[in-house]
Amino acid sequence: MPWQKSASVALRPEPFGALVYHFGNRKLSFLKSQPLVAVVKALGDHPDVSSTLRACDVPEAQHPAYVTALATLSRSQMIEKRSTP
């Protein structure tokens, strides 16, 4: 399933990763690693989460942790499903 960073979300780079702010629901989240920031930014460029993780060189053993993190971001509307063209 294709995903993307919500259009209402801004990422502010930080040494630990990034602050993520949703202008619509005013939620603030923290991405605690640079690789996770890279994954969130790349979601819109790939057909699904698995291919995004592979493209960002996330080790296979870490995929479940990233899927959990992305599910949390989805619940807080930081990322959203996108329609396929």
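This briefing describes some strands, helices and loops of the structure above. The structure is a predicted model, in which local features need pLDDT of at least 70 and side-chain atom pairs count only at pLDDT 80 or more, while totals for chains, interfaces and linings use all residues. Residues are numbered from 1 along each chain as its sequence is written, and side-chain values use heavy atoms, with hydrogens and water left out. Helices (H or I, at least four residues) and strands (E, at least two) are DSSP runs numbered from the N terminus.

**Strands 2 and 3**

- Strand 2 (residues 9-14) pairs with strand 3 (residues 17-22) in the antiparallel sense over six bridges, where pairing requires that DSSP finds at least two bridges between two strands.
- A hairpin of two residues links strand 2 to strand 3, and Glu-14 stands opposite Gly-17 in strand 3.

**A salt bridge and a surface patch**

- Side chains of opposite charge can pair when their charged atoms come close.
- Arg-12 and Glu-14 form a salt bridge through their side chains (2.5 Å, N to O), a term that means a side-chain nitrogen of Lys or Arg within 4 Å of a carboxyl oxygen of Asp or Glu.
- Glu-14 counts as buried at 19% relative accessibility, since buried means under 20% relative accessible area, exposed over 50%, and partly exposed in between (1.4 Å probe, protein chains only).
- Phe-16, Leu-28 and Phe-30 make a nonpolar surface patch of about 300 Å²; patches are made of residues with over 30% relative accessible area and no salt bridge, with like charges joined within 9 Å and nonpolar side chains (Val, Leu, Ile, Met, Phe, Trp, Tyr) within 5 Å.
- Leu-28 has its place in strand 4 (residues 28-31).

**Helix 3**

- His-63, Tyr-66, Leu-70 and Leu-73 are the buried residues of helix 3.
- Seen down the axis of helix 3, these buried residues fall within an arc of 80°, so they line one face of the helix; the arc is that of the directions from the helix axis to the C-beta atoms.
- The face turned away from the buried side of helix 3 carries the exposed residues Pro-64, Ala-65, Thr-68 and Arg-75.

**Residues with a positive phi**

- Most residues other than glycine have a negative phi.
- Asp-57, although not a glycine, has a positive phi of about 60°, and this residue lies in the loop between helix 2 (49-55) and helix 3, where Asp-57 is exposed with a relative accessible area of 65%.
- Gln-77, also not a glycine, has a positive phi of about 65°, and Gln-77 lies in the loop between helix 3 and strand 5 (79-81).

Technical notes: Areas by Shrake-Rupley, 256 points an atom, 1.4 Å probe, with all protein chains shown as cover.
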